[in-house]
Every structure is written in structure tokens, then in C-alpha cells.
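Here are some notes on helix packing and a few local features of the model. Please read them with the coordinates open.

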Amino acid sequence: MAGYISDDTRKVTTHRLVEMKQRGEKISMLTSYDYTMAQIVDGAGMDVILVGDSASNVMAGNVTTLPITLDQMIYHAKSVVRGVKRAMVVVDMPFGSYQGNEMGGLASAIRIMKESHADALKLEGGEEIIDTVKRIISAGIPVMGHLGLMPQSINKYGTYTVRAKDDSEAEKLIRDAHLLEEAGCFAIVLEKIPAALAARVASELTIPIIGIGAGGDVDGQVLVIQDMLGMNNGFRPRFLRRYADLFTVMTDAISHYISDVKNCDFPNEKEQY
């Protein structure tokens, strides 16, 4: 089956994402962390590929996103960029690489862009990091914001529950979203917040709003690819739709291989020189 828009080979840019919002075309976004997966995701017609710091969880086995380093994010980003022709590649700036230090944040941002050849960066936070966001954008680097549940602040929250359910936190999120747009961000991810609040943000802002657990009235959706492909068997949040059961497919294939090796069925005469 051909990709949804795989016949459109023009590179996806920040300008094209804004155009998509203006005409009501939803934006598709998935994570990737390696060359092989990025080739598949890009070839299927994905608009945006996020090299997420979720690599800390799904690739490295850490409980949170906090341990992943700048060098590790650059490694994953370089691998993904090599496999992509059309999609915009956005890279998460990891915890500790930009918080509380705008010049340090700029240096980290420049390193990622120069060494990975990615298209843009994503930072978590609003007012607290706005000076760093402005500094990075002033260097000509596109920035995607991230509000709502912010995994890099999980130790502050103490839980992965839905954010911005009370009025004060919701109003702060709205203010932060406007601040990020005014600072020059080209898009914002909203994670795990009430759908009505996400819809309000998407209607008030002119830049695209990408949701994950934020309802359907935003401008696009993002998921972690291992989650939507059913590779992570135990992770089942409400917002996740599984489009495949690769855990079972891969387990069966590997078990079959083990059996064939044990029974001397692999390799057969046609599979040797």
C-alpha cells in the first residue's frame, strides 16, 4: 500500500507545516531513533519525525528521559537524518542541555544542528526557558515547544498523570503557549492535557499544535513508534492506539528461528555456499 502522501517528495519545512494548519490538513508525526526505522517511516509519507529523548526509555531502558546525554541524542539524530528524504526531522534537546543557561542552551543547540544536520529542535517548558528559546531562534535554529506533561520535569511532578486539569495550571499553559509563539516557535507539542484545553490553544494560536493524549481538535498527532507498533507490550495508556502487534510477530519469528537452528533446519542447502 502506498504512503498517504509518499508521491509528494518536497521536503517538509516549518512554512509547509503552517500552511497545513491554515488549510486544515492534519500533521502526522512519529518518533524514530535509528536509520532503518527512519527510512521506513519517511518512505510511508510521515510529515515530521521526532528524534525523541524517549530514546532514553525505549532504546536504553531507562525509567525516565533524564539520563540521556547530548552526545547520545546527536548519535540518534545523525542515524535518523541519514535515512530521511522528505520528513522534517526534529530533535529533542535532552535534560540539562538548556535549562537555566541560555548561552549553554545555544551552544548545545548549535552542536546538535551542526553534527546531526537535523531540521529543528524541541524544548520543554514555557516562561521558565523563554530566554533560551529566543536565543536559539535568534541563531536561525527553528524551535518546537512542548507544554503539558513534560517528562524532563517528572521528578517535580512525581507522576505521569494528566496535566492542567485545574484552572491555574491551565491558564499558565495558555500563557506559555502564547509566549512560545511570540518568541518565534514554529509549532508546539501538547502532552497529556484535557482535550478542551488543547482545542482552545490550537484555536488561539496561528502555529501548529501537535497533540499526544490531547484530543483530536489540534493540528496533528505524535506517538512513540514502538508504542503504536505494539512493541512495548506492557505500555497501554488511554491515548495510545496500537496499529500492529509487533511484540507477538517478533517473538514468534525469533522463536521459529531458534527452533530451526536447534533442529538443524537452518540453514538448508539453498542457504549456504
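1. In the predicted model, I130, V133, K134 and I137 of α6 contact L179, L180 and A183 of α8; contact means heavy atoms within 4.5 Å. Helices (H or I, at least four residues) and strands (E, at least two) are DSSP runs, numbered from the N terminus. By class, the contact of α6 with α8 has 6 nonpolar residues, no polar residues and 1 charged residue. Ala, Val, Leu, Ile, Met, Phe, Trp, Tyr, Cys and Pro count as nonpolar, Asp, Glu, Lys and Arg as charged, and the others, Gly among them, as polar.

2. Helix α6 covers residues 130-138 and packs on α8 at an angle of about 25°, the axes being 9 Å apart. Axes are lines fitted to C-alpha atoms, for helices over the stretch in contact, and angles run from 0 to 180 degrees between N-to-C directions. The two helices, α6 and α8, are therefore roughly parallel (under 35 degrees; over 145 is roughly antiparallel, 65 to 115 roughly perpendicular, the rest oblique).

3. The crossing of α8 with α9 is right-handed. On the α8 side the contact residues are A170, E171, L173, I174, A177 and H178, and on the α9 side L197, R200, V201 and E204. These divide into 6 nonpolar, 1 polar and 3 charged.

4. Helix α4 (residues 70-82) and helix α5 (residues 102-116) cross at roughly 30°, and their axes come within 9 Å. This crossing of α4 and α5 is right-handed. L70, D71, I74, A77, K78 and V81 of α4 meet S108, R111, I112, E115 and S116 of α5. The contact of α4 with α5 comprises 5 nonpolar, 2 polar and 4 charged residues.

5. The peptide bond from F266 to P267 is cis, with omega near 0°, and P267 lies in the segment after α11 (246-262). K192 is not a glycine, yet has a positive phi of about 50°; K192 sits in the loop between β6 (187-191) and α9.

6. R163 lies over the face of Y157, at 4.0 Å from the ring centre (the criterion is NZ of Lys or CZ of Arg within 6 Å of the ring centre and within 35 degrees of the ring normal).

7. On conventions, residues are numbered from 1 along each chain as its sequence is written, and side-chain values use heavy atoms, leaving out hydrogens and water. Local features need pLDDT of at least 70 and side-chain atom pairs count only at pLDDT 80 or more, while totals for chains, interfaces and linings use all residues.

Notes: Left-handed = near helix turned anticlockwise from the far one by under 90°.
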